[in-house]
Amino acid sequence: MEYHLKYMAPEELDEVYPLLERDFPENERKKKPHLRSLMESGMEVGWHLIAGGRNVGRALVLRHPAAPFVLLDYLATDERGQGHGRACLALLQNEYPQGILAEVEREEEGLSPEENQLRRRRLGFYRRAGFVPCPFENNIFSVPYLVHLWCPAPPEHPARAAALALDALYAFQFPYEVYRKNVSIEAPLV
């Protein structure tokens with residue numbers, strides 16, 4: 001199947017946001033006005049995944065000139081298990097050759113076996129696409145993530161580079177008070 005990305009204009013957010021509500025829990029989803037503002041500023045770029053002339057998924061990418069990598073904020077497909085997600089990641093890797101960060105929820109004690117299995121599947125998905133885990137402590141709006149980095153030329157200290165880039169991306173998108181209250185990222189020294 002042939003795939004390509006199609007730019008998502010900020011005006012399309014009204015149609016797309018219900019799909020984000022379906023695919024992402026509330027604590028992992030930006031409020032629609034904030035997301036629209038980021039899209040209008042160009043800091044958040046939306047993409048439709050097109051396969052065989054049909055829209056089969058979407059991705060939103062957060063970027064800023066001061067950050068060496070972009071953050072894959074959202075990636076979702078309408079038909080799972082069809083290779084659409086893998087194709088979308090490959091196209092995004094071509095679009096953002098400087099490197100892509102992905103936040104993936106960690107497995108946790110106390111969660112159901114089904115939930116931890118789903119988290120393992122997500123971790124495996126990114127690792128199969130060439131992303132490497134960058135362990136560092138972080139808590140973003142009360143969600144601890146395991147951050148992964150894909151980069152064609154990995155930096156000498158990938159976890160530190162990933163942590164600093166992620167921190168910058170969050171700092172630039174929120175007012176200082178919101179950022180300080182809700183984002184905790186501890187960059188490793190080396």
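**Close-up views of a predicted model**

**View 1. Lysine 30 sits in the loop between α1 (13-23) and α2 (32-41).** Welcome to the first stop in this predicted model. With a relative accessibility of 9%, lysine 30 counts as buried, because the cut-off for that label is under 20%. Its side chain has polar partners to look for: a polar contact of 2.3 Å links lysine 30 to the side chain of aspartate 73, and another, at 3.0 Å, links lysine 30 to the side chain of glutamine 173. Leaving aside residues up to four places away in sequence, lysine 30 also touches Tyr17, Leu35, Leu38, Glu44, Leu62 and Tyr74, along with Asp73 and Gln173.

**View 2. Arginine 58 lies in strand β3, which covers residues 54-62.** Arginine 58 is buried, with a relative accessible area of 2%. The side chain of arginine 58 meets that of aspartate 78 in a polar contact of 2.7 Å.

**View 3. The largest pocket has a volume of about 1200 Å³.** Its lining is made up of 40 residues, and those closest to the pocket centre are Asp23, Phe24, Leu75, Arg122 and Tyr126. If you trace the lining of the largest pocket, you will find at least two residues from each of β4 (70-77), α3 (84-95), β5 (100-105) and α4 (113-128). By residue type, the lining divides into 17 nonpolar, 15 charged and 8 polar residues.

Methods:
Residues numbered from 1 in each chain as written. Predicted model: local features only at pLDDT ≥ 70, side-chain atom pairs only at ≥ 80, totals over all residues. Heavy atoms only, no water. 1 Å grid on protein atoms, 1.4 Å probe; cavity = no way out; pocket = protein on both sides within 12 Å on 5 of 7 lines; lining within 4 Å. Points joined across faces, edges and corners; volume = space filled by probe spheres on them. Helix = DSSP H or I, 4+ residues; strand = E, 2+ residues; numbered from the N terminus. Nonpolar A, V, L, I, M, F, W, Y, C, P; charged D, E, K, R; others polar. Buried < 20%, exposed > 50% of the residue type's maximum accessible area, 1.4 Å probe, protein only. Polar contact = N/O pair within 3.5 Å; in protein donor to acceptor, adjacent residues only side chain to side chain. Contact = heavy atoms within 4.5 Å.
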